[in-house]
Amino acid sequence: MGDPLSADFVEAVAGFATGVVVLTVRDGRDDLGTTVTSFMSVSLEPPMVLAGVASSSYLAEVLSRTDRWAATVLGAGQRALAGRFAAEGRPSARLLLASEPHHRGELSGALIPESGLTAFECETRQRIEAGDHTLFAAEVLATDYAARDRQPLIRVNRRYLAPS
């Protein structure tokens, strides 16, 4: 990171407010997950989303061979959950969700926290290598739930914020 442009870029994107999503996938008998802030809607017909995952991560490896996964948009009261899924060396998603209401998605088999804003079950249609990340463009197979009465969890300047 000795390049001044890189340091400036990191600072610049840290100031960009984004929603917080927990991405989960079932890998055989194990469940994996991570917190991502690179997530967006890209199409209405068909409904599609895009998620960015570090290419060097085990999760990216699993997503390269497993097409179905889930994305849960976190609510304002879920800072701790976002932190658990972002921690280095985190255990299985089953352990991270042990104290949270959750269920397994019907179409993806992935674990889905029940207290977010919404959850999507997705199927990857395209994988795009983009620098040190892999972008997973996926069709949304189902909206597992939508809770319009909850406030979102936002990440900006390296901190989680809840709207007031």
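Buried means under 20% relative accessible area, exposed means over 50%, and partly exposed lies in between. Keep that handy for these exercises on a predicted model.

**Exercise 1.** Find out how many of the residues of β5 are buried, and which strands pair with β5.

*Solution.*
- Start with cover: six of the eight residues in β5 are buried, which leaves the strand mostly covered.
- Next, look at β4 (residues 39–44), which pairs with β5 in the antiparallel sense over five bridges. Two residues lie between β4 and β5 in this hairpin. Here Phe39 has Ala51 of β5 as its bridge partner.
- Then turn to β10: β5 pairs with β10 in the antiparallel sense too, over seven bridges. Met48 stands opposite Glu139 in β10.

**Exercise 2.** Describe the largest nonpolar core and the surroundings of Leu63.

*Solution.*
- The largest nonpolar core holds 22 residues, and Phe39, Leu63 and Trp69 have the most contacts inside it.
- Elements giving two or more residues to this core include β5 (47–54), α2 (58–65) and β10 (133–146). The largest share, four residues, comes from α2.
- Leaving aside residues up to four places away in sequence, Leu63 touches Leu23, Val25, Val53, Trp69, Arg127 and Phe136.
- A second, separate core has twelve residues, among them Val20, Phe85, Leu96 and Leu153.

**Exercise 3.** Classify Val13 as buried, partly exposed or exposed, and name its neighbours in a nonpolar surface patch.

*Solution.*
- Locate Val13 in helix α1 (residues 4–14).
- Its relative accessible area is 42%, so Val13 is partly exposed.
- With Phe9 and Val10, Val13 makes a nonpolar surface patch of about 250 Å².

Methods:
Residues numbered from 1 in each chain as written. Predicted model: local features only at pLDDT ≥ 70, side-chain atom pairs only at ≥ 80, totals over all residues. Heavy atoms only, no water. Core = buried A, V, L, I, M, F, W, Y, C linked by side-chain atoms within 4.5 Å. Buried < 20%, exposed > 50% of the residue type's maximum accessible area, 1.4 Å probe, protein only. Contact = heavy atoms within 4.5 Å. Patch = residues over 30% accessible without salt bridge, like charges linked within 9 Å, V, L, I, M, F, W, Y side chains within 5 Å. Areas by Shrake-Rupley, 256 points an atom, 1.4 Å probe, with all protein chains shown as cover. Salt bridge = Lys/Arg side-chain N within 4 Å of Asp/Glu carboxyl O. Pairing = 2+ DSSP bridges.
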